[in-house]
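User: I am new to this structure and would like to understand the words used to describe it. Could you take me through some of them?

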Amino acid sequence: ASPVKWHMAHTTWFFETFLLKAVIPDYQPRFPQYNYLFNSYYNTIGERIARDKRGLLSRPSISEVWRYRQEIDARMEDWLANVDEATLAQYAPILVLGLNHEQQHQELILTDLKHAFASNPLRPIYRDREPDQSSTVTPLTWSRFGAGVREIGHHGDAFAFDNEGPRHSVYVQAFELANRPTTNREYLAFVNDGGYDRPEFWLSDGWAARKRLGWTSPLYWERANDEWSTMTLAGMIPLHLDEPVTHVSFYEADAFARWSDARLSTEAEWEIAATDRPIAGNFLESGRYHPAPMSLDEDGLIQMLGDVWEWTMSPYSAYPGYKPAAGALGEYNGKFMCNQMILRGGSCATPLSHIRTTYRNFFGPEARWQFSGIRLARF
């Protein structure tokens with residue numbers, strides 16, 4: 001996880017590197033060393049500081065990062081105020097990509113800050129909020145979807161990342177999807193049943209990760225005197241049993257699904273089920289920054305969007321006909337299509353205007369610091 005000021009500088013570096021350097025003749029960066037400090041993973045751009053060393057950057061200070069942002073913002077505003085329409089049309093895709101890239105980092109700032117605060121024995125609070133007093137969770141039920149050929153993937157003129165297309169046909173067998181995400185109460189039953197000590201539920205790599213990393217419960221869960229609590233951006237709070245379980249890896253989600261005599265959905269199944277759902281839910285703008293108990297006002301498939309990213313059983317790979325962009329921006333998504341698993345739906349830290357039912361998030365199967373959760377499926 002990276003410190004907040006690195007995210008602030010990196011998103012600024014993106015505009016400087018991919019726009020200003022391209023459109024301003026003989027552009028001279030004021031801080032050439034920032035190209036090393038704030039490059040994330042673009043091998044085409046050059047060498048960079050190792051990700052696990054970002055937290056050691058005592059300089060530049062946060063005030064220096066703010067000055068950097070202000071300078072690049074001013075240069076961007078000046079360019080936008082004077083650019084001709086043809087040039088703007090040429091570079092508009094990069095500009096819009098940069099804005100969506102910054103939205104991704106708005107989410108990462110919260111998840112990385114939570115990771116840092118949870119690692120601090122003082123357990124700092126980012127923002128207080130009133131605890132939930134009570135809630136009611138409907139019984140888990142199943143929605144049935146018939147077999148057939150369906151289309152998935154982005155289409156239309158609105159923005160989408162390149163990995164969301166091309167739109168294409170897939171054949172799916174008939175399947176059922178749980179009406180809601182798995183709750184803490186349900187996951188706690190798995191824990192209490194010795195789920196973390198029963199290899200029959202775990203993939204081989206998952207079992208090895210569980211042993212190597214010492215997993216006994218989701219990330220941020222803590223047990224004292226038979227009472228469970230969890231770290232949140234509002235500090236340590238008692239575990240709310242009716243909230244969607246979060247901060248579980250793909251391996252844990254898959255093991256829980258097997259223990260439940262079910263499975264995770266494929267990403268095609270998830271998208272087919274979510275296609276007609278409204279883009280609404282518990283997102284970053286709610287200010288909650290934590291999954292919410294389900295609302296009884298919802299019907300059908302509940303909390304498909306927001307609250308927690310939902311692991312699928314699909315590996316992250318290219319859609320038929322996909323081609324990464326030329327040059328350094330081709331590294332944005334395409335080069336990660338290996339050893340990653342797909343998550344869908346957005347979370348309580350995702351900006352509302354950023355999410356789509358075609359959005360393909362991806363992380364390694366051991367990743368737990370994102371707001372990642374579980375929705376069961378079965379044939």
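Analyst: What follows takes a few terms in turn and sets each value against its definition. This is a predicted model, in which local features need pLDDT of at least 70 and side-chain atom pairs count only at pLDDT 80 or more, while totals for chains, interfaces and linings use all residues. Residues are numbered from 1 along each chain as its sequence is written, and side-chain values use heavy atoms, with hydrogens and water left out.

User: Why is helix 1 called roughly antiparallel to helix 4?

Analyst: The axes of helix 1 (residues 4-23) and helix 4 (residues 85-118) come within 9 Å and cross at roughly 170°. Angles over 145 degrees count as roughly antiparallel, and therefore helix 1 is roughly antiparallel to helix 4. By class, their contact has 17 nonpolar, six polar and two charged residues.

User: Why is asparagine 333 called buried?

Analyst: Buried means under 20% relative accessible area, with a 1.4 Å probe and protein chains only; asparagine 333 has 5%, so it is buried. Asparagine 333 lies in the loop between strand 9 (309-315) and strand 10 (341-344). Leaving aside neighbours within four places in sequence, its contacts (heavy atoms within 4.5 Å) include Phe161, Tyr316 and Phe362.

User: What makes strand 1 and strand 8 edge strands?

Analyst: Four strands form an open antiparallel sheet in the order 1-4-13-8, and strand 1 (142-145) and strand 8 (263-264) each pair on one side only.

User: How do you know that strand 1 pairs with strand 4?

Analyst: Two strands pair if DSSP finds at least two bridges between them, and four bridges join strand 1 to strand 4 (residues 175-178).

Methods
Axes fitted to C-alpha atoms, helices over the stretch in contact; angles between N-to-C directions. Helix = DSSP H or I, 4+ residues; strand = E, 2+ residues; numbered from the N terminus. Parallel < 35°, antiparallel > 145°, perpendicular 65-115°, else oblique. Nonpolar A, V, L, I, M, F, W, Y, C, P; charged D, E, K, R; others polar. Buried < 20%, exposed > 50% of the residue type's maximum accessible area, 1.4 Å probe, protein only.
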